[in-house]
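Please examine the following structure together with its sequence. The account below leads through its sheets, helices, cores and selected loop residues.

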Amino acid sequence: MQLNSLNKLPGTLQLTTPSTDDPQIVQIESLANEPSSAPSVSESNNHIGQRNNCLLPSKTEVLRQILEQHQHERQLVILQDFPDPDALSCAWAYQLIAQQYDIQCDIVYAGTLSHQENIALVKLTGLPAQRWTSQIAKSKDLSVYKGCALIDNQGTTSQLMSLVQEAGIPITVVIDHHSLQGDLKSEFIDLRPQVRATATIFTQYLQAGLLVLDSSVNQHIKCATALMHGLRSDTNRLMQAQEEDFQAAGYLSRFYDSQLLNAVLQANRSKRVMDVIERSLKNRIVQNNFSIAGVGYLRYDDRDAIPQAADFLVTEENVHTAVVYGIVHDEDEELEVVIGSLRTTKLTLDPDEFIKEAFGQDSQGRFFGGGRTGAGGFEIPMGFLSGFNENPGYAKMKWEVFDGQIKQKLLRLVNPQDNPIPSE
Ligand SMILES: [Mn+2]
């Protein structure tokens, strides 16, 4: 397999994988595996399976009309709680596109910028994203917003969605490349699970004229650089890119600032992230080309260490899929949650299906996670067992219970005919 052999190249074994994001996690309402069952009218005339751009002008045209209808409004652009470069850059592109229609967009996320490259991206480009914790969000006057845009997500990975729904703000636009995560109601939907990055979709909008990039405009250069970073990051440095992703990268190459991108990529990992990666290496078990590692407890701010560890474990020889998980605790909110990431280079493994199959649904029928090409994530609330306990023995016991249960569920899929409980 081409991708497996690429992983054995010495150059890919370094610890500099531009870890993506991503995990498309949590709270997924009723599932529809077949994307074309999307309940949107605008979607139905543009089949998801399309691989060429022949239908794109119409999609662009529909978006243009929607934006025209919403002129002079104010919109919220909602990102997943832990936004990745693909999400951040596309939200910015959307803001710049919408600005031409006098639509003022506020780009918000509820969690934190956990990955060192994301922090660098936002700082170095001046990317206009704001952190809205639930407390901040509750203090805002949401009545000023006439609509919201979900970019690189479908609302299932943002804590802000419940507030937005309570405030009665309609979903105006959804542009994403994750598999359909459930019942989705929006005026405009462009959902393309076969595209490797939402940045590719946005670059196609730009090419189709929704925003004319101008190399003499500093903001355009920076946004193009951010899109290039998003595209690279969601395609494993273009290794999983397909023709349309390369075409998008080709277009962006006319505008992006390679030195700026280099500066973003030079961001170093914190010691705590390195420690989580070390734990994942120590704790991993490899079976049937799957590498599985529980990393114990980690802080909310270091949550992104989990996908970074999965990015690293999947580079091992004879490993095509890595799953890393841990208990993330948020000291401010006294909350604990199991968070996990999956990375795969196996083309026939669908992360969305795998995670839904492994962990199933909660009592309300919501899946614990999902995914896109090559990557997935899950989030399992700990309920009554959540919360800190003075007794270190208790914390250890709690971890062992969750660790054992997650391993058992994963190994059932990894070794379907074996005893699911490892004997080690
Ligand atoms: Mn993405």
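**Strand pairing, cores and loops**

Tyr109 stands opposite Arg131 in strand E4; helices (H or I, at least four residues) and strands (E, at least two) are DSSP runs, numbered from the N terminus. Residue numbers start from 1 along each chain as its sequence is written. The model is predicted, so that local features need pLDDT of at least 70 and side-chain atom pairs count only at pLDDT 80 or more, whereas totals for chains, interfaces and linings use all residues.

Strand E3 (residues 104-109) is joined to E4 by three bridges, and the two strands run parallel. Two strands are taken to pair if DSSP finds at least two bridges between them. E3 is also joined to E2 by five bridges, again in parallel, and Leu76 has Asp106 in E3 as its bridge partner. These pairings belong to an open sheet of six strands in the order E4-E3-E2-E5-E6-E7, with parallel pairing. Strand E4 (129-131) and strand E7 (188-191) are the edge strands, each pairing on one side only. From one strand to the next, the twist averages 25°. Strands of a sheet pair through backbone hydrogen bonds, either parallel or antiparallel.

Strand E2 (residues 74-78) is mostly covered, four of its five residues being buried. A residue is buried if 20 or more other C-beta atoms lie within 10 Å of its own, exposed if 12 or fewer, and partly exposed in between, with C-beta atoms placed from the backbone. Leaving aside neighbours within four places in sequence, Val77 is in contact with Ala91, Tyr94, Gln95, Cys105, Asp106, Ile107, Val108, Ala149 and Ile151; contact requires that the C-beta atoms of two residues, placed from the backbone, lie within 7 Å.

Val77 also has a place in the largest nonpolar core, which has 65 residues: Val77, Leu79, Leu88, Ala91, Ile151 and Leu227 touch the most other members. Helix H4 (residues 85-99) supplies the largest share of this core, nine residues. A second, separate core of 38 residues includes Val276, Ala293, Ala310 and Phe359. A nonpolar core is here a set of buried Ala, Val, Leu, Ile, Met, Phe, Trp, Tyr and Cys residues joined through C-beta atoms within 7 Å.

Asp102 is found in the loop between H4 and E3 and, although not a glycine, has a positive phi of about 55°. Asp102 counts as exposed because it has 12 C-beta neighbours inside 10 Å. Lys146 lies in the loop between helix H6 (134-139) and strand E5 (147-151) and is partly exposed, with 15 other C-beta atoms within 10 Å. Not counting residues up to four places away in sequence, Lys146 touches His70, Glu73, Arg74 and Gln75.

Turning to helix packing, helix H8 (residues 198-207) and helix H9 (residues 218-234) pack at an angle of about 140°, with their axes 8 Å apart. Axes are lines fitted to C-alpha atoms, for helices over the stretch in contact, and angles run from 0 to 180 degrees between N-to-C directions. H8 and H9 are therefore oblique to each other, since angles under 35 degrees count as roughly parallel, over 145 as roughly antiparallel, 65 to 115 as roughly perpendicular and the rest as oblique. In this contact, Ala199, Thr200, Phe202 and Thr203 in H8 meet Leu227, Gly230, Leu231 and Asp234 in H9.

E8 and E9 pair in the antiparallel sense over three bridges, with Gln287 opposite Phe290 in E9. The two strands form a hairpin with two residues between them, and Asn288 in the turn has a positive phi of about 50°. Asn288 is partly exposed, with 14 other C-beta atoms within 10 Å. E9 itself is mostly covered, with seven of its ten residues buried. Eight bridges join E9 to strand E10 (residues 321-330) in parallel, and Tyr297 has Ile327 in E10 as its bridge partner.

Helix H14 (residues 351-359) is largely enclosed by the rest of the structure, because seven of its nine residues are buried. The cover over the buried residues of H14 includes strand E11 (335-344), strand E12 (367-372), strand E13 (375-381) and helix H15 (392-414). Gly360, which follows H14, has a positive phi near 65°.
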